[in-house]
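Please look over the sequence and the model shown here before reading on.

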Amino acid sequence: MIDRETVDRIYAAANIVDIVGDYVTLKRKGVNYVACCPFHNEKTPSFVVSPSKGVYKCFGCGKGGNAVTFVMEQEGVSYPEALKMVAKRYGIEVKEEAMTEEELRRNDDRESMFVLNGWAAEYFANYLHRDSEGINVGLAYFRQKRGLTDATIKKFGLGFCPSKGDRMSQDALAAGYKREFLLSTGLSLVSERNGGLYDRFRDRVIFPVHNISGRIVAFGGRTLRTDKQVAKYQNSPESEIYSKKRELYGLYFAKKAIQQQNFAIMVEGYLDVISMHQAGIENVVASSGTSLTTEQIRLLGRFTKNITVIYDGDSAGIHASLRGIDMILKEGMNVRVVLLPEPEDPDSFARSHTAAEVQEYIRANEQDFLEFKARLLLQDAQGDPIRKAALIGDMVQSIAQIPDSIQRSVYIKECSRIMDIDEQILIGEVARKRLTTSGDRETDDFLRRQAAARQRETVQPQRPEAEYAQKVEAGSSFEALEREIVKYLLKYGHCSFDFKEGRTMVSCNVAEVIFSELSDDQIVFRNPVYAKIMAVYREQWEVSGPGVEVPAHLFLNHIDPQVCSAAVDILTSDDNYVPSELWKRKEIHVESEAEMLAVGVPKAVTLYKSKVVQALIKELSDRLKDETLPEAEMNDILQRMNNYNQVKATMAKKLDRLIL
């Protein structure tokens, strides 16, 4: 328990602007400060901090409180823990009454893990500086091979883990730390031979990973051996206090510089960040070798909307990382790219240049991300029209991620110029891509206007008794969804519907939307009859082109009787639907399915793709039940499941907009 007097001192000292400002970029607005809310994703600031009242309030999601409750929310800690964190910031000593054995047993696991990580970081640092092995191996590596100063080594808390397999684990146990927390933090592993503990990071230099408030949540360990059989890096596993998709290495040290300069530099590894800091470039963060995640982007987005990504001069992974950066565009961020001269990487470049030289190189060589991507892909195409068509699709994929219609329009115009392709074609392709893969405010408004046209403002009649047959909804089977898509294809494949891209109305052909969406994801129908109908239709469609009706007799007179039967069933369905005379007399318009294409086609395709993603998630989930699964394969499966779940969430948002 913290006594009342100490609590009062903490609240008296706490400056809510300083504390909240450690987590988000605040801008003064009158007597208050505003920012985009850190608790929910938003584009327009609705989060307000009042220094006079000492409170914050988000008028978007409703969250509000004081400096201490803000720390509780951000760090996921208890009230007493948040009080201690704020007290530590202002140098206030916290005296607690002695805890009972019962209270000690109930001590929070998260706090125990944080305490253990703090001890481990100090242990690794002490071993680096005081033990002969640490000095001769680890410290020599940092000083001589990496050119780091003692001040930089101390700033980032770098260390070394003993080469003796279990020394750190045994020292931790001797110091009173529990085996369960050594395992849950990932500092130790269990030996299959004797059940004892051994060190995960043995014989490696250590990079502590700090969260946004400076607490150590994980470690990275680099081997100094040249043995190819030994993994170059070992990283802490996911735990109660560490989720790699939510952490950016170096952000704790970089956040002030990012706020001041209003842009962040993204690099790949620990040493890239550290060397840049030593060179005087402090607005630098790294995803630490993992694929960039939406959570990391949003975390960075609290401090700036501008990101500059630095690629190694000889990086073979540029192409692989390009698609990942599309996520940055999707979050409304501005992305620029700097390509270092070969064979430099950010670490070596920062060590061989002054801060002024690094800053000047970035200023002189940074390019807009999409321009960089277009020129890079054009070089690969080298005049090959087939490859050029593929790269245009790649560019369209990137542009379609951008939520702001004006920014999309600018990029479309620039892309049209670079690639020498008609701007209207690009507008149409972007519109079709956005139709089923994302939803923004303009699209929502357009679809809602279509829905509003179906309902007179002054009349709220009941639905007519006749309904369309076999409407598909979330939860429909693969069979039902495939039948629905085939129905749209056979009945309306030659028809078009309007979709709004920016200020332009784009005409979308039904067959083109269906085939492009399914082909992009290489989806093949499970029902062999429906798959055969799709194949027959597509073969004819590719010959005749969009907008030309494919003759029904190709299906009704098909050599396969099952195709004939299915085609008859689909083409004659809903024929008995006739709007009642009463509805006609009341001048109430009941739309046909042809008029519902703008909603029906995207909805059917999105539901089907969502169903496919669900099946993939289940398949991976079943594989995780295998207890003999190697850790590397398990981590790969978990990462893929996370990616699929993100896709599923995007589709769910889109369906919320389509089901009106």
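This is a predicted model: local features need pLDDT of at least 70, side-chain atom pairs count only at pLDDT 80 or more; totals for chains, interfaces and linings use all residues.

Residues are numbered from 1 along each chain as its sequence is written, and side-chain values use heavy atoms, with hydrogens and water left out.

Q: Which strands stand at the edges of the open sheet of 5 strands?
A: Strands are DSSP runs of E with at least two residues, helices are runs of H or I with at least four, and both are numbered from the N terminus; two strands pair if DSSP finds at least two bridges between them. The order in this sheet is S1-S2-S3-S4-S5, with antiparallel pairing. One side of each edge strand is left without a neighbour in the sheet, because each has a single partner strand, and these edge strands are S1 (27-29) and S5 (64-65).

Q: Which residue in the turn of the S3 and S4 hairpin has a positive phi?
A: Strand S3 (residues 47-50) pairs with strand S4 (residues 55-58) in the antiparallel sense over 4 bridges, and Phe47 stands opposite Cys58 in S4. The hairpin has 4 residues between its strands, and the turn residue with a positive phi, of about 70°, is Gly54.

Q: How many residues apart in sequence are the parts that the pair of Phe349 and Tyr361 ties together?
A: Rings of Phe, Tyr and Trp (its six-membered ring) pair if their centres lie within 6.5 Å, and planes under 30 degrees apart count as stacked, over 60 as edge-to-face and the rest as tilted. The structure holds 28 aromatic pairs, among them the tilted pair of Phe349 and Tyr361, with 5.0 Å centre to centre and 55° between the planes. Phe349 lies in helix H15 (residues 346-351) and Tyr361 in helix H16 (residues 355-365), so the parts tied together are apart in sequence by 12 residues.

Q: Which helices do the buried residues of H26 pack against?
A: Buried means under 20% relative accessible area, exposed over 50% and partly exposed in between (1.4 Å probe, protein chains only). In helix H26 (residues 561-571), the buried residues are Val563, Cys564, Ala566, Ala567 and Ile570. With contact taken as heavy atoms within 4.5 Å, these buried residues pack against helices H22 (478-492), H24 (528-544) and H25 (553-556).
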